[in-house]
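Here is a short tour to read alongside the sequence and the coordinates. Keep both open as you go.

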Amino acid sequence: MLRIEGLVKKYRTGDAALRGVDLEVGKGEVIGLIGPSGAGKSTLIRCVNRLVEPSGGRIFLGDEELTAMSGGALRRARRRIGMIFQEYALVERLTVMENVLSGRLGYVGFWASYFRRFPPEDVERAFATLDRVGLIDHVDKRADALSGGQRQRVGIARALVQSPELLLIDEPTASLDPKTSRQVMRLLLELCQERGLAAIVNIHDVMLAQMFLPRIVGLRAGEVVYDGPADGLTPEVLTRIYGEEDWSKTGPQEDAEDRHPATPMPRVDEIAAEAP
Amino acid sequence: MSTVAAAGYPRAWRKPPFFRNRTLKWALVAGAVVYLLLALASVEVNWARLSEGAGRAARLFSGFLTPDFVSRWGDIWQGLIESLTMTVTSTVAGILLSVPIALGAARNLAPWWLYGICRGIIALARVFQEIIIAIFFVAMVGFGPFAGFLTLSLSTIGFLAKLLADDIEEADPSQVEAVRATGASWWQTVDYAIASQVMPRLIGLSAYRFDINFRESAVVGIVGAGGIGATLNTALDRYEFDSAAAILLIIIGIVMLCEYGSGLIRKRIQ
């Protein structure tokens with residue numbers, strides 16, 4: 001479904017974020033991408049929908065080569081890839097409904113979206129999706145009036161109304177408390193199963209990853225150092241991914257306290273490059 | 001506590017100094033003081049002229065106590081209407097022109113060549129003070145409110161486009177990224193992710209610029225660009241301080257009204 005071949009990303013400052021990553025994700029397959037901060041996890045998923053411009057390598061979604069696209073073709077390809085963000089990235093001053101409908105922007109013309117006149121099927125789909133994530137009562141609230149867990153569910157709904165085939169999920173739980181984290185992960189997994197969606201989930205929390213995700217890919221300094229089942233994450237493997245540490249003491253207790261802070265956003269290429 | 005004391009840690013700490021060199025620091029301070037004293041000493045004050053002018057100032061201020069709204073009311077009314085027309089039209093025209101220029105002058109939205117052009121337009125509009133621009137336009141299109149309209153529109157662009165562009169550059173990039181990721185076009189991204197973030201500031205700045213423009217309309221009138229400023233200038237030339245006082249009071253009243261109104265608007269949004 002998604003095939004990444006020899007993906008390289010060098011930033012203009014000279015730091016190499018990705019050094020030849022190969023990865024294949026099957027249809028409906030959900031994988032967890034783990035690794036220390038700065039390993040290139042966020043850069044990797046942003047190269048897939050070309051928010052970050054890869055410096056080398058090729059990416060295929062189905063039969064189409066994403067890395068060869070530009071302009072309208074790229075925007076049409078982005079519609080097939082939903083993205084969910086760590087800090088939710090909702091448009092704070094817009095209503096929940098506007099945020100969810102913004103997932104349809106790739107399908108409607110400018111004036112229709114400007115006057116918020118989306119086709120009836122889109123509006124129906126947005127209501128249905130909001131109902132599915134349990135936010136049907138918050139349709140007209142402003143996004144900044146919601147709690148963290150609710151916001152993340154709006155973010156999920158926005159990605160789902162795109163009718164994507166693939167979800168890119170960037171640290172979905174890093175800003176949430178342990179209980180909400182589990183609820184959000186469970187919801188994501190259910191949704192992927194219901195709709196047969198493939199997903200790449202960037203996640204810091206190894207416990208959470210092992211609990212929910214059958215296949216784990218470990219990234220270290222821009223290279224894949226592990227690709228296998230979640231129960232193959234032995235202390236040796238974790239050391240290979242993260243470096244030396246006493247892994248035997250990683251229990252659920254410590255995990256809750258030791259929540260990883262927000263990671264800095266990778267340097268996304270400015271939208272200026274896409275100006276008409 | 002006792003373990004800390006036993007370890008023998010220092011008990012005093014000072015913030016690292018800004019100037020590492022103390023001599024340099026005091027030399028700079030002394031230099032600044034000497035320059036200030038010399039500068040003050042060089043300002044010539046003509047005490048004779050000052051005492052003469054005091055009488056005229058007293059007459060002007062006594063005019064304020066007996067403002068005459070009646071004898072020049074026709075002129076005042078016409079000047080006011082001209083000024084308000086100038087203010088409204090130039091504010092609207094300024095906003096309409098500022099928004100596209102601001103979009104082009106935001107580094108995170110525009111390609112570099114467009115950025116250069118738009119920042120250039122803004123810089124050009126900001127280089128000269130309103131009076132100088134007004135003199136230029138009066139020379140170009142003749143006396144009257146049209147020159148004032150052009151002047152104020154141009155300075156509105158310099159003001160609004162710059163502040164709006166800076167605000168757009170500070171907009172939260174993650175919201176922009178998220179909207180782009182859905183496959184939205186450039187214009188749709190600007191509409192959803194940027195407009196919603198900068199709209200409160202745009203409205204607030206526009207309301208603020210409206211009252212600046214009214215005040216400026218009084219100033220540019222003095223150099224021949226029409227409006228209440230021209231009326232005020234005539235009254236002062238004729239030593240009709242009571243009429244001048246009436247005009248000033250009306251300007252103060254309207255500016256205060258504008259200020260109150262824009263305060264209300266700014267409170268409503270956000």
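The notes below go from confidence to domains, helix packing and the chain interface.

## Model and confidence

This is a predicted model, in which local features need pLDDT of at least 70 and side-chain atom pairs count only at pLDDT 80 or more, while totals for chains, interfaces and linings use all residues. Residues are numbered from 1 along each chain as its sequence is written, and chains are lettered from A and ligands numbered from 1 in the order in which they are written. The model scores ipTM 0.86 and pTM 0.81.

Within chain A, confidence is lowest in helix H10 (residues 252-257), at a mean of 44, and highest in helix H3 (residues 96-101), at 96. Helices (H or I, at least four residues) and strands (E, at least two) are DSSP runs, numbered from the N terminus. Over residues 252-261 of chain A the pLDDT is below 50, and this stretch has 8 contacts in the model beyond near neighbours in sequence. Two residues are in contact if their C-beta atoms, placed from the backbone, lie within 7 Å.

## Two domains in chain A

Where do the two domains of chain A meet? Here 11 residues of domain 1 are in contact with 10 residues of domain 2. On the domain 1 side, helix H2 (71-79) and H7 of chain A each give two or more residues, and H2(A) has the largest share, with 4 residues. By class, that side divides into 6 nonpolar, 1 polar and 4 charged residues. Ala, Val, Leu, Ile, Met, Phe, Trp, Tyr, Cys and Pro count as nonpolar, Asp, Glu, Lys and Arg as charged, and the others, Gly among them, as polar.

## Helix packing

In chain A, the axes of helix H6 (residues 148-160) and helix H7 (residues 178-195) come within 10 Å and cross at roughly 15°. Axes are lines fitted to C-alpha atoms, for helices over the stretch in contact, and angles run from 0 to 180 degrees between N-to-C directions. H6(A) and H7(A) are therefore roughly parallel to each other, a label for angles under 35 degrees. The contact involves A:Gly148, A:Gln152 and A:Ile156, among others, from H6(A), and residues including A:Thr180, A:Val184 and A:Leu191 from H7(A). Its residues divide into 6 nonpolar, 5 polar and no charged.

In chain B, helix H4 (residues 73-104) and helix H7 (residues 145-169) pack at an angle of about 35°, with their axes 7 Å apart. The contact of H4(B) with H7(B) has 15 nonpolar, 9 polar and 1 charged residues.

## Where the chains meet

Between the chains, 26 residues of chain B are in contact with 29 residues of chain A. Helix H8 (173-181) and helix H9 (186-222) of chain B are the elements giving two or more residues to the chain B side. That side divides into 13 nonpolar, 10 polar and 3 charged residues.

Methods
Angles under 35 degrees count as roughly parallel, over 145 as roughly antiparallel, 65 to 115 as roughly perpendicular and the rest as oblique. pLDDT is the predictor's confidence in each residue, from 0 to 100.
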